[in-house]
Every structure is written in structure tokens, then in C-alpha cells.
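Trainee: Can we go through this one together? I would like to start with strands and then look at side chains.

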Amino acid sequence: MKRVSLFTASLLFSAGVFAGAADQVVVQDPYVRLAPPNAPATGAFMVIKNNGDKDIKVVKAENPASKVTELHTHLNEGGVMKMRPVQGVDIKAKGEAVLKPGGLHVMLIDLKAAMKEGDVVPITFTFDDGSTKKVDAKVVRPMAAGAPMSEHKH
């Protein structure tokens, strides 16, 4: 009986009945800011949309280009803007999280090698249910403040 139930469970899982948070997520315009020469860190930015009916949370990010990857935000501490790690990024059902300079973002810390414009950094997000989603973020040169990435497609 156990074999039948495991077989049935695997069929249900492969059919998407047990879909995880990652299956409900669409990531738009992912990019990594080109770091200046010898800079030890840079940021990744994008819009993460939750098309599902339940709130979800990004709890972890990983990438092969840096030794440390952290979810970060900017906070005003005594009139000084400072970056701080966050435990996760909440995304409401049918909502989105905008990761942008000056706000929420992914920090790539202790870069393993210099990046060049056009490189692609795979970033894997882990959600609170354990599901994961890999996103390929292209390395781009920083643009003038206020210029959204979606207006600069090549």
C-alpha cells in the first residue's frame, strides 16, 4: 500500500497539485549593477510578482558570483541612509516586491571575480515554503537616477 501512495503522491506533485510559491512567481527586469573596479560588492534589482492567492516570502538568495548573498534594504538612521540585511521580502497575494536602488535589493558581497557588462549572474531565491526559483540577472552599467530599466531594453 505504501508504494501506491508514494506513486500517487509523485504523480500529484508532478501534475502541480502541490505547487510551491516559486511556481506562482514571475520576475521582471532582473539586473546586477556593474561594480566599479576592485569593488567588493554590488546589488541586484528586479520586480518579483506573486500571481498566487497566498502571501509569500523570499527568505534567501544565493548566487555563484559572490561569497555572500543577502537580502537588504535601506533605512534612515539619524538622517543617514544605511543598508541593512532583512530576514525576508514579503510579497502579498497578487502583489509585487520592487527591488530597486535605495530600497529593497539583493547584495552580492565579497565578489569572487570582476564582472563585466553583459555577464549573467544566476540568482536562486528560496521561498518560505522551501521552493526555489532561479533568475538570470544581466550585469549592466549604472544609469542616471530615476531611469527605470524597462525603458532601456536593447
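Mentor: What follows is a short talk through strand pairing, one threonine, salt bridges and aromatic rings.

Trainee: What should I know about the model and the numbering before we start?

Mentor: This is a predicted model, where local features need pLDDT of at least 70, side-chain atom pairs count only at pLDDT 80 or more, and totals for chains, interfaces and linings use all residues. Residues are numbered from 1 along each chain as its sequence is written, and side-chain values use heavy atoms, with hydrogens and water left out.

Trainee: OK, which strand does β4 pair with over six bridges in the antiparallel sense?

Mentor: Strand β8 (residues 105–111) pairs with β4 that way, and strand β5 (residues 80–85) also pairs with β4 in the antiparallel sense over six bridges. Strands here are DSSP runs of E with at least two residues, numbered from the N terminus, and two strands pair if DSSP finds at least two bridges between them.

Trainee: Which residues are bridge partners there?

Mentor: V68 has I109 in β8 as its bridge partner, and E77 has V80 in β5.

Trainee: How many residues sit between the strands in the hairpin of β4 and β5?

Mentor: Two, and G78 in that hairpin takes a positive phi near 60°.

Trainee: Now T69. Where is it, and is it buried or exposed?

Mentor: T69 is in strand β4 (residues 66–77). T69 counts as buried because its relative accessibility is 19%; buried means under 20% relative accessible area, exposed over 50% and partly exposed in between, using a 1.4 Å probe and protein chains only.

Trainee: What does T69 touch?

Mentor: Leaving aside residues up to four places away in sequence, T69 touches A61, E62, N63, V106 and M107, where contact means heavy atoms within 4.5 Å. With N63, T69 also makes a side-chain polar contact of 2.7 Å. A polar contact is a pair of N or O atoms within 3.5 Å; within protein, one must be able to donate a hydrogen and the other to accept it, and residues adjacent in sequence count only if both atoms are side-chain atoms.

Trainee: Switching topic, how many salt bridges are there?

Mentor: The count is eleven, taking a salt bridge as a side-chain nitrogen of Lys or Arg within 4 Å of a carboxyl oxygen of Asp or Glu. One of them joins D90 and K57, at 4.0 Å from N to O. That pair links distant parts of the chain, 33 residues apart, with D90 in strand β6 (residues 89–91) and K57 in strand β3 (residues 56–62).

Trainee: Is D90 buried or exposed?

Mentor: D90 is exposed, at 58% relative accessibility, whereas K57 is partly exposed at 26%.

Trainee: Which residue does K116 form a salt bridge with?

Mentor: D119, with the closest N and O atoms 3.2 Å apart. K116 is exposed at 56%, and D119 is partly exposed at 22%.

Trainee: And what about D136?

Mentor: D136 forms a salt bridge with K134, the closest N and O atoms being 3.4 Å apart.

Trainee: Last topic: how many aromatic pairs?

Mentor: One in the whole structure. Y31 and F45 form a tilted pair, 5.3 Å centre to centre with 40° between the planes. Rings of Phe, Tyr and Trp (its six-membered ring) pair if their centres lie within 6.5 Å; planes under 30 degrees apart count as stacked, over 60 as edge-to-face and the rest as tilted.

Trainee: Which parts does the pair tie together?

Mentor: Y31 lies in strand β1 (residues 25–33) and F45 in strand β2 (residues 41–50), so the pair ties together parts 14 residues apart in sequence. Y31 is buried at 13%, and F45 is buried at 4%.

Technical notes. Helix = DSSP H or I, 4+ residues; strand = E, 2+ residues; numbered from the N terminus.
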